Amino acid sequence: MAHSSNKHTIILMQTSPNRATRTFMDYDSITAAMDGICGLYERKLKELYPASRNITYDIADLYNFIDGLTDLSALVYEHSIQGYLPYDRQWIKQRTFHHLKKLAH
């Protein structure tokens with residue numbers, strides 16, 4: 001049985017109401033996908049604060065970023081059904097929280 005984090009994950013995202021901002025990113029695992037979402041936020045912070053060398057943020061900041069996206073969802077490959085299961089923004093927020101908590105330890 002594959003470990004739950006080693007599931008191919010596709011992140012579907014629309015950053016603004018403009019449909020042209022729809023995009024997707026795919027990852028080999030849920031963990032890598034959550035890392036990718038945190039990375040997106042970190043890149044945005046670097047754009048906003050180019051002079052700042054050490055950028056720190058807390059989970060509330062990340063949640064605000066996630067909530068600020070027009071659309072965000074995940075499709076996670078489930079071997080047992082040979083297909084993808086959809087997960088919503090709320091699930092992504094929970095997973096990024098666990099991901100950051102693991103990194104903090």
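Tyrosine 77 is buried, with a relative accessible area of 18%, where buried means under 20% relative accessible area, exposed over 50% and partly exposed in between, for a 1.4 Å probe and protein chains only. The model is a predicted one, in which local features need pLDDT of at least 70 and side-chain atom pairs count only at pLDDT 80 or more, whereas totals for chains, interfaces and linings use all residues. Residues are numbered from 1 along each chain as its sequence is written, and side-chain values use heavy atoms, with hydrogens and water left out.

A search of the whole structure finds four aromatic pairs, a pair being rings of Phe, Tyr and Trp (its six-membered ring) whose centres lie within 6.5 Å, with planes under 30 degrees apart counted as stacked, over 60 as edge-to-face and the rest as tilted. One of these joins tyrosine 41 and phenylalanine 65, whose ring centres are 5.0 Å apart and whose planes stand at 40 degrees, so the pair is tilted. This pair links distant parts of the chain, since tyrosine 41 belongs to helix α1 and phenylalanine 65 to helix α2, 24 residues apart; helices (H or I, at least four residues) and strands (E, at least two) are DSSP runs, numbered from the N terminus. Both tyrosine 41 and phenylalanine 65 are buried. For tyrosine 77 and tyrosine 84, the ring centres lie 5.2 Å apart with the planes at 70 degrees, so the pair is edge-to-face; tyrosine 84 is partly exposed, with a relative accessible area of 35%. Ring pairs also link Tyr41, Tyr57 and Phe65 into a cluster.

The helices that carry tyrosine 41 and phenylalanine 65 pack against each other at an angle of about 95 degrees, the axes of α1 and α2 (residues 59–68) being 11 Å apart. Axes are lines fitted to C-alpha atoms, for helices over the stretch in contact, and angles run from 0 to 180 degrees between N-to-C directions. The angle makes α1 roughly perpendicular to α2, on a scale where angles under 35 degrees count as roughly parallel, over 145 as roughly antiparallel, 65 to 115 as roughly perpendicular and the rest as oblique. Ile37, Cys38, Leu40, Tyr41 and Lys44 of α1 meet Asp61, Leu62, Phe65 and Ile66 of α2, contact meaning heavy atoms within 4.5 Å. By class, this contact of α1 with α2 has seven nonpolar, no polar and two charged residues, with Ala, Val, Leu, Ile, Met, Phe, Trp, Tyr, Cys and Pro counted as nonpolar, Asp, Glu, Lys and Arg as charged, and the others, Gly among them, as polar.

The axes of α1 (residues 30–48) and α3 (residues 89–104) come within 9 Å and cross at roughly 90 degrees, which makes α1 roughly perpendicular to α3. On the α1 side the contact is made by Ile30, Thr31, Met34, Asp35, Ile37 and Cys38, and on the α3 side by Trp91, Ile92, Arg95, Thr96, His99 and Leu100. The contact of α1 with α3 has, by class, seven nonpolar, three polar and two charged residues.

Lysine 93 also lies in helix α3 and is buried, with a relative accessible area of 9%. The charged end of lysine 93 sits over the ring of tyrosine 63, 5.1 Å from its centre, the criterion being that NZ of Lys or CZ of Arg is within 6 Å of the ring centre and within 35 degrees of the ring normal. Leaving aside neighbours within four places in sequence, lysine 93 is in contact with Tyr63, Ile66 and Asp67.
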